[in-house]
Amino acid sequence: GRAAVESAAATSPGARVPEGCVGAGTGAVVGAVKGGIGTASTVLDSGITVAALVVANAAGSALDPETGALYGEFFQGGRVRHPDAEVHATAVRRLTGIAEQNGPQPLNTTLAVVATDADLSKAQAQKLAGTAHDGIARAVRPVHLLNDGDTVFALATGARPLDAANPLALNGILAAGADLVTRAIVRALRAAGSVDGPGGVWPSYEELYG
């Protein structure tokens, strides 16, 4: 933890954040595939920045069982990449065999941080953290199970005040927080690499589907 903080402090603003099998993402899995670290950010029309960093590590699956497409991609407003049917069938056979080899499902905890430069009260930050859980639910099914310990933290630097004339100004930040958590989970899965070791065999989504 100390090394991570010191590394962050020594990194220039705007530097690319490592994703995939780094840090807490090293041992992360989502269902039967390798999980990892993912990030996403956006600047709202108000000029407020919202960003998310997620450790995608869930008992549920991120893959549509009928097609192999990532659930999270259905909520990103772009084209969903549906794998070829034959590729999906091959992936399903492999994952079935691996699940038998790996044994019981491990305990999991998807961790996320949603950060903004908006000036939020403690109550508003808590609301942002709670709403951001919806982003996990869009990307993983089933979600928030007994063997999940899903937790979202919210951070606010206070640099940009909300529009005082708009009592619903927080809504844009709330919506963005959930959307960015979904995007970050998709990025984590696509950035992760396969692992074959003492902890089991965990193929990456990219290895399975390209």
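The model is predicted, so to speak of local features requires pLDDT of at least 70 and side-chain atom pairs count only at pLDDT 80 or more, while totals for chains, interfaces and linings use all residues. Residues are numbered from 1 along each chain as its sequence is written, and side-chain values use heavy atoms, with hydrogens and water left out.

Let's start with the charges. Side chains of opposite charge can pair when their charged atoms come close. A salt bridge here is a side-chain nitrogen of Lys or Arg within 4 Å of a carboxyl oxygen of Asp or Glu, and seven are counted by this rule.

One of them pairs Glu 207 with Arg 94, at 2.6 Å from N to O. This pair links distant parts of the chain, with Glu 207 in helix H5 (residues 205-209) and Arg 94 in helix H2 (residues 85-102), 113 residues apart. Helices (H or I, at least four residues) and strands (E, at least two) are DSSP runs, numbered from the N terminus. Glu 207 is partly exposed at 41% relative accessible area, and Arg 94 is partly exposed at 34%. On this scale, buried means under 20% relative accessible area, exposed over 50%, and partly exposed in between (1.4 Å probe, protein chains only).

Now look at Glu 206, which forms a salt bridge with Arg 190, their closest N and O atoms being 2.5 Å apart. This pair also links distant parts of the chain: Glu 206 belongs to H5 and Arg 190 to helix H4 (residues 170-191), 16 residues apart. Glu 206 is partly exposed at 29%, whereas Arg 190 is buried at 17%. Salt bridges that share partners join Glu 206 and Arg 190 with Glu 73 and Arg 81 into one network. Within it, Arg 81 and Glu 73 form a salt bridge with closest N and O atoms 3.1 Å apart. Glu 73 is buried, at 3% relative accessible area, but Arg 81 is partly exposed, at 40%.

From the charges, we turn to the nonpolar side chains. A nonpolar core is a set of buried Ala, Val, Leu, Ile, Met, Phe, Trp, Tyr and Cys residues joined through side-chain atoms within 4.5 Å. The largest one has 41 residues, and those touching the most other members include Leu 63, Val 114 and Ile 173. H4 gives this core its largest share, 11 residues. Beyond its neighbours within four places in sequence, Ile 173 is in contact with residues including Leu 44, Val 50, Leu 128 and Leu 162, where contact means heavy atoms within 4.5 Å.
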